[in-house]
Amino acid sequence: MAHTCSVELLSLLLIEVSGYHKNNMTKRILGLGAMVFVFCATTFTADAAFYVRPEVQFSSLAPSSHADGDIAVGGGLAWGGVFGRDQRFDVGVEITRTRYKGDFDFRNYNAPGVQWTKVPATCEVTPVQATFRYSFTTKNKEIRPYLGMAFGYSWVDIHNSTSSPGYVGGSNESSGSCWTGSLGGGVSYQLGRLTSIEFGYRYVFSDSISSFDFLSPRFGCNFRYNAHVFTLADRKSVV
């Protein structure tokens, strides 16, 4: 209670100091900053904790990715904080890396007209995303379903097969990047006071990748990072 009062007094002091400034915009910014500070400080005093979450991913490319790939196994690491009543809110950062192998749509620019051909290739995707979750409470306190979303940026490297007919020789590697997002959910099972295991699903989607041009012979790839991803994670909380 004393901590909350001191925080509120500090926020009032910031607003009062901002009132001496002649610039109205500065006053608004300082006032808003004070209110945000109060909200964060009072919220994090209740049921707040930090965590790290290593995870294993099993994923397959969606038809809209313009590729027919095998089931891929990747890995990731997330870290962040939970807060609010019963730690329902989760904000963090996640970095993952997955390698896909299959047949990708390629276009040969040297051929007349528009010709798309399936070419064996591998694709490595590295997304870095901000993550947001909301967890639900149940009668069994050890089981907690959740819904989540993420938004960030991905780096994509494609290596086509040099033995593919019509595509022999020259460069067989190219890189691109794109904005990436995901929507999904899952369930968390509490194993101990600071440890839980999570099973989840997310659908990953992206905008068009900036550039996939290969030289000599010149051709391009129509790949988009759209995928179904299942996750298994071991979450460690740090109070």
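Figure 1. Helices (H or I, at least four residues) and strands (E, at least two) are DSSP runs, numbered from the N terminus. The model is predicted: local features need pLDDT of at least 70, side-chain atom pairs count only at pLDDT 80 or more, and totals for chains, interfaces and linings use all residues. Residues are numbered from 1 along each chain as its sequence is written, and side-chain values use heavy atoms, with hydrogens and water left out. Strands β7 and β8 run antiparallel and are joined by eleven bridges; two strands are taken to pair if DSSP finds at least two bridges between them. Within this pairing, Val187 has Phe199 of β8 as its bridge partner.

**Figure 2. Overall composition of the protein chain.** The chain contains two helices and eleven strands, in the sequence order α-α-β-β-β-β-β-β-β-β-β-β-β. Of its 239 residues, 39% are buried; buried means under 20% relative accessible area, exposed over 50%, and partly exposed in between (1.4 Å probe, protein chains only). Contact means heavy atoms within 4.5 Å. Among contacts between residues at least 6 apart in sequence, 67% join residues at least 24 apart. The chain exposes about 13200 Å², of which carbon and sulfur atoms supply 64%; accessible areas come from the Shrake-Rupley method with a 1.4 Å probe, and for residues only the protein chains shown count as cover.

**Figure 3. Strand β11 and its two partners.** Strand β11 pairs with β1 in the antiparallel sense over ten bridges. Ten bridges also join β8 to β11, again antiparallel. Ala233 of β11 takes part on both sides: Ala233 is the bridge partner of Glu55, and Glu198 stands opposite Ala233.

Figure 4. Val56, Phe58, Ile71, Val73, Ile143, Val187, Tyr189, Leu191, Phe199, Tyr201, Phe230 and Leu232 make a nonpolar surface patch of about 1100 Å². Patches are made of residues with over 30% relative accessible area and no salt bridge; like charges are joined within 9 Å, and nonpolar side chains (Val, Leu, Ile, Met, Phe, Trp, Tyr) within 5 Å. At least two patch residues come from each of β1 (49-61), β7 (173-190), β8 (195-206) and β11 (227-238). Phe199, in strand β8, is partly exposed because its relative accessibility is 44%. Val73, in strand β3 (residues 72-83), is exposed, with a relative accessible area of 54%. Not counting residues up to four places away in sequence, Val73 touches Val56, Gln57, Phe58 and Thr98. The C-alpha atoms of Val73 and Val229 are separated by 9.6 Å, although these residues lie 156 residues apart along the chain.

Figure 5. In soluble globular proteins, nonpolar side chains tend to be buried together. Thr122, in strand β5 (residues 116-135), is buried at a relative accessible area of 11%. Beyond residues up to four places away in sequence, Thr122 touches Arg99, Tyr100, Lys101, Phe104, Asp157, Ile158 and His159.

Figure 6. The whole structure holds eleven salt bridges, each defined as a side-chain nitrogen of Lys or Arg within 4 Å of a carboxyl oxygen of Asp or Glu. Glu124 forms a salt bridge with Arg97, their closest N and O atoms being 2.6 Å apart. This pair links distant parts of the chain, with Glu124 in strand β5 and Arg97 in strand β4, 27 residues apart. Glu124 counts as buried at 15% relative accessibility, whereas Arg97 counts as partly exposed at 41%. The side chains of Glu124 and Arg99 also meet in a salt bridge (3.2 Å, N to O). Arg99 lies in strand β4 and Glu124 in strand β5, so this pair ties together parts that are 25 residues apart in sequence. A further salt bridge joins Asp234 and Lys236, with the closest N and O atoms 3.8 Å apart.
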